[in-house]
Every structure is written in C-alpha cells, then in structure tokens.
Amino acid sequence: MNYCVLKFEHSQPKQKVLQMTLTELLQIGDEVVFKVDPERRAWTDIYNDVPDGTKGIVCGFYDAVIYESRVRVLVHQPGVYHRKGAVSVWLSDGRIVPGDWSIEMVDKDQEKRRDAALRGADGILRTPQVRLGDLPETKVWEQDKVRVRFPHDGSEHEMTIGRIDYHHMHQRRNDGSSWPFYDVRFMEGGSTSAEESWIELIERGNVWKYYNNQPLVFTDLKEEASFFHLVGQTEEVRNPKNNLYSWTEEEVLEAIMNGTVHGFSVDSGFFGSGPYINAQRFKDEELGKRVAKVTLEGFGITA
C-alpha cells in the first residue's frame, strides 16, 4: 500500500537534525578526549600519533559561512549565516590538531546542560549562528523555468532550476571559465550543472513568486502541499504515545481523524530498517484540512 496519498517532497527529517556534531556545544577551554573511528584512521595520517584516550583542550574554531536555501527550510530562514566550524584541539605537547568528529567532551554533565539549553520545546537544536545578510542575487531561482544552451554540444533544452550552489558561484574552473553553480533539471527527468551565462529565464516559478508575494500556481493539491512543505510551512509532530517523531500507519491515521495531524510522508529507512512515517501539520490550517480530507479518503475513511 502507498502510505502517503499526498507524498511531500522531503526536506531533511528532524530526527537527522538532532544528529549534530559536538561543535555546537563546545567552547574554548573545554577538555576533550580523542576517540577516532577506525575507518578514519585508515584513510588519514592526522591521528597517527594521537591514540584514543589522548586528552586535549579546545583552543579554537574555524569560521563557517552557511547558505540557507529558500527551499527545504527547517529552522533558519533563507540567508547567509556565520557559525562555528571545525574545532581545533591543543595537546599538552604543544601540537594543535583538528577535532572534527574524532573527539568527545570529558564533562558529560556540562554537555547535557548545553544541549538542553540549545533546544526548543520541539526538541530541535537551534544552532547558534549570526545572520550576515540575504542570499546573493542570482539571475534565476529554484523552480524557475529556463532555457539552457549547452556550448559543448550546441544543444538547447527547456529545464527547471534545482539547487543553487552559492559556495561556488564566484569560483573558476582550471581553464578560467565560470563555475557551473546551478543544478538544472530536464523535463523528462535527470539533472546536470550549468553556468549562469548558459541560462535564459522563461518563466518564474513558485519559489520566486512566494518570496515576492505573487500569486502561486499549482496543478493539484499534491503539488500545493509539497510546495508549502518545501518552504518550511509544515511542522513535524511528535507521537504522543512515545514522545518521538515515529508513527505507525494506524497511529497517524487516528491523529489525522482527530485533527492533531494533517498528513504524513514516508522515508524508506536506513539499512533495510523499513518505512519511517513522518507526521506533518501545516501552518495554514485551511490547507491542512484539505490535505487531511484527501489523505483519509485515500484510505477509504470518511471524516
């Protein structure tokens, strides 16, 4: 059976957001201990002289600039942000080595307190970061309909814009040409990369219209629901029976019937662990009720 009558285009599940690196919790002066994954030791020589159990002191962080997209919005609104990057650790012999994912905090009680302080009531980690400004201006946005002319074979295609790689938009390739920082998608499926100079705008998509307060156009309710999920207008709901974000089909359908949940989507799960149900509630109550009605009807349930 198809679990999800209105299957949303997935953003990153909140369970994965909770799987953070230790960087968000660490501060200068914290004592840490190295515990390096054996596979990592196999492909890098950084830790050859840093055996597991070696202790050190956090002495610095790299600067990280993060581009939060207009789509797949979870916690932070679109824009450019600064946050702590990879951690540096000072060892007692005077060496400074990267910590990355190879350290643990010695003071576990302090780690728990800091973790709790950074989480909201929904359990989502609010990573401390400073907003630097809006996303850099680009000729086209995600979901715009475009014409792309590929110089290597002279072909021309009508396509849509997928992801925009802001990190590389000012980089050059070895031959001096511009970096193809747009992910462009063929109408028949599949995608490739394209330079901005190859792209001609045909029609603005719903992402541009949404952020510029223009009327949105959808072919059906499924497309409408998927779009608002994509731009962060849904909230993942905890299962009251276990206080987790995991649900069974029976539980989520019951929650839709009593109005707690509007719809749901399904992940395949890792390593064959089976389907994973994510329950969603729309911030727009009217849209949510329409999604709930059609979802229940898809399972032969009349509300």
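Three strands form an open sheet in the order E12-E14-E13, and their pairing is antiparallel. Strand E12 (234–236) and strand E13 (263–267) stand at the edges with a single partner strand each, so one side of each is left without a neighbour in the sheet. Direction ignored, neighbouring strands of this sheet are turned against each other by 35° on average. The model described here is a predicted one.

**Strand pairing**

- Strands of a sheet pair through backbone hydrogen bonds, in either a parallel or an antiparallel manner.
- Between E12 and strand E14 (residues 276–282), the pairing is antiparallel and extends over three bridges, and within this part of the sheet Glu-235 stands opposite Arg-281 in E14.
- E13 is joined to E14 by five bridges, and these two strands likewise run antiparallel; here Phe-264 has Ala-279 in E14 as its bridge partner.

**Burial of E14**

- E14, which stands between E12 and E13 in the strand order, is mostly covered, since five of the seven residues of E14 are buried.

Note on methods: Residues numbered from 1 in each chain as written. Predicted model: local features only at pLDDT ≥ 70, side-chain atom pairs only at ≥ 80, totals over all residues. Heavy atoms only, no water. Pairing = 2+ DSSP bridges. Helix = DSSP H or I, 4+ residues; strand = E, 2+ residues; numbered from the N terminus. Axes fitted to C-alpha atoms, helices over the stretch in contact; angles between N-to-C directions. Buried < 20%, exposed > 50% of the residue type's maximum accessible area, 1.4 Å probe, protein only.
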